[in-house]
Amino acid sequence: MSKRYPTADGVFYAVQDVSLDVQPGEFYSLLGSSGSGKTTTLRLIGGFERPDLGEVFIGGERVTAQPPYRRSVHTVFQNYALFPHMSVAENVAYPLKIARVPRSEFGPRLEAVLKLVQIPELGDRAPSQLSGGQQQRVALARALINRPKVLLLDEPLSALDAKIRDELRQELRQLQQQTNLTFIYVTHDQEEAMALSDRLAVMHRGRVEQIGTPAEIYNAPASAFVAQFIGQANFLSGEIMELTAEGAIALINDVPLKVTYPDQPPTVGETVTLMIRPERIQVGAATADNQLVGKTLGMTYIGQLTELQVETPVGQLKVVQLGQAGEARSLSWQAKDCIIVPSFNSKA
Ligand code: ADP
Ligand code: MG
């Protein structure tokens, strides 16, 4: 799908050539910083916007021209969007009323769904009498009561404070597994996306940079942008000296390093960007594929971790060690943890 808006000097693509294939029962996230096109993508799926190009299918049915209420989706927003003049029960039952479900069904379904989101006792309250976390539970109950095929969630936890957010995050995942609904979840919080998702799409400037499981995206980022957006990363620039059975040898400041590549092999003589995660570097000379001498420039203790800044012959590296580490005089890492990052499509 593509969605563009007119601007003073032409058009602006809020979403460009985005193609997603979300499986039934999947917890699928759209992850990206503010302005990357996540909400627009969700609105295209929900039917609040029409794509300029492309189609939307839900359960095999083409819904591109259908209004939101004709699609089997329900959206949960960051700001809850509850009706202030209605009680919790009236808010939650509202989709049943719109869908003309017989009144006799309201009671049992209300009871079940309020229990599901763990607020069985709050039906008679007004939204103004609830905390933020409780209001979002009401919004979730309202989203679930008419059993949509797909739940669209637009940063539903970002207005909540950290403790409640962590709590609700765990519950959301459980809820999704219990109901076996398809969740499409928008967030700018990479930890949240990594913790919750079966798969995620990393968005950047209206485009999808990479789609994969959290592990795939962390271990084999498809671009330098993804590598630095998800977790922490050291980048090195090197030249490919030779290809080996396991990977390649790259030269960085005249130091040969054993490296690997996710899919396409590089060519000899090519300049490549290499990435090493700080926690994949071991302090001390271990039996690893790559070993370097180092000089520790700085150390910070952050809770259970020590973060070191180490000067090495290939440049300065950030190293993260479990526990309280001492100064590093040498570093080592495996070839599989030093990967060539594809340079296509990366505007980071
Ligand atoms: P995100 O949810 O990732 O923060 P959005 O999808 O809301 O991003 O927006 C993507 C880009 O499209 C932003 O630059 C935003 O300003 C622009 N945009 C969104 N909606 C409109 C609109 N109705 N008119 C003009 N520009 C828009
Ligand atoms: Mg948004």
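**View 1. Lys38 and its neighbours make polar contacts with ligand 1**. In the side chain of Lys38, an N or O atom lies 2.8 Å from an oxygen atom of ligand 1. A polar contact here is a pair of N or O atoms within 3.5 Å. This is a predicted model, in which local features need pLDDT of at least 70 and side-chain atom pairs count only at pLDDT 80 or more, while totals for chains, interfaces and linings use all residues. Residues are numbered from 1 along each chain, chains are lettered from A and ligands numbered from 1 in the order written, and side-chain values use heavy atoms, without hydrogens and water.

**View 2. Here is the shell around ligand 1**. Among the surrounding residues are Tyr5, Phe12, Ser33 and Thr40. By class, the shell has three nonpolar, seven polar (Gly counts here) and one charged residues. Helix H1 gives the largest share, three residues.

**View 3. Domain 1 meets domain 2**. The domain assignment, automatic or from a database, gives domain 1 (3-226) and domain 2 (232-347). Their C-alpha centres lie 38 Å apart. Across the boundary, 14 residues of domain 1 are in contact (heavy atoms within 4.5 Å) with 13 residues of domain 2. The buried area, meaning accessible area (1.4 Å probe) lost on being put together and summed over both parts, is about 1100 Å². Tyr218, Pro221 and Ala224 supply 41% of what domain 1 buries against domain 2.

Methods: Near = heavy atom within 4 Å. Polar contact = N/O pair within 3.5 Å; in protein donor to acceptor, adjacent residues only side chain to side chain. Helix = DSSP H or I, 4+ residues; strand = E, 2+ residues; numbered from the N terminus. Buried area = accessible area lost by both parts, 1.4 Å probe.
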